[in-house]
Amino acid sequence: MLTELETNLLGVMMMVIMLGMGASMTPRDFRLSFRKPKGILVGLLSQFVVMPLLGFLLAVGLGLPPALVVGLILIACMPGGTTSNIFAYFSKGVLALSIMMTTVSTIVAVAMVPLLLAFYGGLAGVPAEFAIPPGNVAQILGVLLVPTLLGMGLRKLNPNIGATIELIGSFMGVVVIIFLIASWVPRNYVLLLETAPHVYFATIGIGLMGMLFGYWVARALAQDTNRARTISLETGIQNGPLAVLVITLSFSAAQQQAVLLIPILYSLFIVISSTLITLWYRRSATHEQLARDAAKLGAG
Amino acid sequence: MNAQARPWIAAYGAEIPPEIPPLRHASLAALVDNACTTYAGSTAFTCVVPNGMNGSLGFSALGQMSDRFASFLRHHCKLAPGTRVAVQLPNGLAYPVAAFGVFKAGCVLVNTNPLYTPREMIHQFNDAGVEALVICDIFADKLRTVVPQTRIRHVVLAGVPEFFPRIPEAIVRAVQKVWTRSLPPVPDLPVPVLRIREALRRGAALPKLDDWNRLRPGDLALLQYTGGTTGVAKAAMLTHGNILSNLEQVKAVGGRHMTREDCVLTALPLYHIFAFTANLMTFFALGARNVLVPSPRPVQNIQRALENTPVTWITGVNTLFNGLMNEEWFATYPPKTLKAAIAGGTALHQGVAIRWQEVTGTRISEGYGLTETAPLVSFNPLDRATRPGSIGVPVPSTDVALVDEDAEPVPLGEPGELIVRGPQVMRGYWNRPDETEQTLRNGWVFTGDVAVMDDDGYLRIVDRKKDMVLVSGFNVYPNEIEECLSHLPSVLEAAVIGIPDTATGEAVRAYVVQNPDVSDLVTKEAVIAHCREHLAAYKVPKSVVLRDALPKSPIGKILRKDLKAEARAEFAQEG
């Protein structure tokens, strides 16, 4: 569990991250991306249809206990994490698409996450004491949109302040994960040792499968390989810290312990798996570029 | 050669005087000093880096800082008036401080490309006899090789975010240091190295100079290197009078459309004569604001500058305009405040000009100039309808003629080498009497450009004399074919050169780049079919090469000479 101070600190960090996300764009970027909405629609499909379904199937298929089912489904339903933009950048992906997918999914999440949680929670037969109140989720997400708007406004008002909080925000995206791991793991290492392998499998698997399916869904819908890689990362990388915040604000201290397990493990492992996938994607992007160059030579 | 009649004067109408008035200032130092006092309350420069962070300098601050830098050069560095000082900076707030300081010190400014390699730097600094260097800190590592092989006695370092507010400056520097790793450590040098802030601090404690009052229009102001696209770099000697005259000429043709409320986007490098005169000096003298973008590549780097400042003018080259229009954020939301754009540096393609008008609702006025003429020679008057493909009419107080191989005038309407005479014409090439003699004859500059003049004096550049391709005895001008290709939507940009051909002597080869926004693939067949439709048979490319990008000069001119060199190597192998 997290102490109240830690929960508050987590809340503040999330606010800073959202402030930075807001400062990374303008209303114009929104309007632009909706003129050619296909990439974002494909992204929404893989984030809010494919991913939650994967989470549900994994949870049920592995026969996880209710507390872990809730954690896994919650992670699967979360909007894209802001660190995904950094990974998109390093994988030579389409940065603008990544930023827009993160933002749009965060906004859509206000309505979608409560619905998806209620739906899959019911389907998986999660007992009432583990159900996350939908109003609660909507409220937290709604509150987080305020700093996003504020960030956009600040950027408009003063570009220097805007650019500064944008940088602080993306820096904070990494800090918050370190914070979660540092504050939770030492107190719960016994729990980690006792955790069964199939729980680790679910935690690591949900991210990797999200990336795999995200890529192929995008390819099936005629996105080019580069955009598909960006959508893939965006799908697999969820906003883990946000899930932790939702849990700490929804459950009593005793229940938190078990429900927090998957979101925190996820936040830890997704950094590792995304790094590896990013290296691989980066290599593929470079190869494709070289192949294109080679094809063009000698065309005279 | 006699002064020609000036058939273009009719095109001036009532708005443009045929002659410029006598110069109001004796030197650029006097002009700068006057502007800094007159417009004391206004912002002179705003620099915007790609992430949107920015800093500004007002006229009065700039006046004081350039005074201090001048004192530093003369009293601290003990440079004599006339000493050459190289300024090797990307666009940023440090540039005007350094350049204006050099003028006020009575020294000669040597504009230097920041991307030069140590070899190029050593050549240029020794050629000019540079004794002090102001260089951007991200290139400080080159100093280790360069300084010991030159006569440089003082080095001043300035950063890209120099003179930004403290926090953004610290952040940009931290990002350069940790993230992009573009800030190398300063090597140990046999000469003193100071940061520009420290140089200004020292200058502040020294007596203020006023002997720039003794500078005269005939005194040397600038050594402006040129010939990067032809051969060995050589310096045009531009005097204070050359630049001041050209400023008057710019004002005569465009002044009515410019006010001190204006804001010009300066994405072209200031070390190039086009941006130096058209942006830096013209708008500064007017009391208006320059928005400096340190690097316009990728074009995305300009986005925040356009977003955050009310830009009314854009100066650019064909590739920059083309690049901007291929950015969705620009094409969908062109700046609302824009009044007009000025094109120069290289031929503006009509496809680009037409699309620009459609996208922005404003026009591009094409001008023509060269380093040797500080630079403006001709311009499309903004009050008249644009004449497609024309570089307009000569500016006031300027004579222009078209001549054949024997330097005799060609009949009107025939192509001939463009020659120019006027108060903006350089004094000659620095330490190169032979080159000077070839280029500068009886006060006329021989431009090496082939042009045609219409009845009413409007000029059209046909091409560079030496880029002409000779196909079966016919002259083919690469510009015409490139222009034709610019109308093919699948072509982003194109370059045309001549290649050896056993049947026709030379044949036309086109290098084309696929437009990523168009789904039609550019193919050899499509290119040839398009040219067949619009060009005479002998002009149609025999060979078409698809490329991802074309070689470009720092200002964005497509470098045919690099493609020619490649082709030479290719055919040498085959032969």
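Two residues are in contact here if their C-beta atoms, placed from the backbone, lie within 7 Å. The model is predicted, so local features need pLDDT of at least 70 and side-chain atom pairs count only at pLDDT 80 or more, while totals for chains, interfaces and linings use all residues. Residues are numbered from 1 along each chain as its sequence is written, and chains are lettered from A and ligands numbered from 1 in the order in which they are written.

**First stop: B:Phe284**

Select B:Phe284, which is placed in helix H10 of chain B. Helices (H or I, at least four residues) and strands (E, at least two) are DSSP runs, numbered from the N terminus. Not counting residues up to four places away in sequence, B:Phe284 touches B:Ala35, B:Ala44 and B:Asn290. B:Phe284 is buried, with 24 other C-beta atoms within 10 Å. A residue is called buried if 20 or more other C-beta atoms lie within 10 Å of its own, exposed if 12 or fewer, and partly exposed in between, with C-beta atoms placed from the backbone.

Now select B:Phe103. Leaving aside neighbours within four places in sequence, B:Phe103 is in contact with B:Ser27, B:Leu28, B:Ala29, B:Val32, B:Leu109, B:Trp212 and B:Ala221.

**Third stop: the nonpolar cores**

A nonpolar core is a set of buried Ala, Val, Leu, Ile, Met, Phe, Trp, Tyr and Cys residues joined through C-beta atoms within 7 Å. The largest has 162 residues, and those with the most contacts inside it are B:Leu73, B:Val85, B:Val87, B:Ala98, B:Val102, B:Phe103 and B:Leu109. Helix H10 of chain B gives the most to this core, with 11 residues. A second, separate core of 87 residues includes A:Met51, A:Met100, A:Phe251 and A:Leu265.

Select H3(B) and draw a line between its end C-alpha atoms. This helix has 18 residues and reaches 25 Å from its first C-alpha to its last, close to the 26 Å expected at 1.5 Å a residue; the expected span is 1.5 Å times one less than the number of residues. Because 13 of its 18 residues are buried, H3(B) is largely enclosed by the rest of the structure. B:Lys78, which follows H3(B), has a positive phi near 60 degrees.

Go to B:Pro185, in the loop between helix H7 (166–179) and strand E7 (193–195) of chain B. Is B:Pro185 buried or exposed? B:Pro185 is exposed, with 8 other C-beta atoms within 10 Å.

Two cis peptide bonds may be displayed next. One joins B:Arg297 and B:Pro298, with omega about -5 degrees; B:Pro298 lies in the loop between strand E11 (289–292) and helix H11 (303–308) of chain B. Another runs from B:Ala374 to B:Pro375, with omega near -10 degrees, and B:Pro375 is in the loop between strand E14 (363–369) and strand E15 (376–379) of chain B.

Select helix H4 (residues 66–77) and helix H6 (residues 95–123) of chain A, whose axes come within 10 Å and cross at roughly 145 degrees. Axes are lines fitted to C-alpha atoms, for helices over the stretch in contact, and angles run from 0 to 180 degrees between N-to-C directions. The contact is made by A:Val70, A:Ile73, A:Leu74 and A:Cys77 of H4(A) and A:Val113, A:Leu116, A:Leu117, A:Tyr120 and A:Gly121 of H6(A).

**Last stop: where the chains meet**

Display both chains: 14 residues of chain A are in contact with 22 residues of chain B. On the side of chain A that touches chain B, helix H2 (27–35), helix H8 (159–184) and helix H13 (253–296) of chain A each supply at least two residues. H8(A) provides the largest share of that side, six residues.
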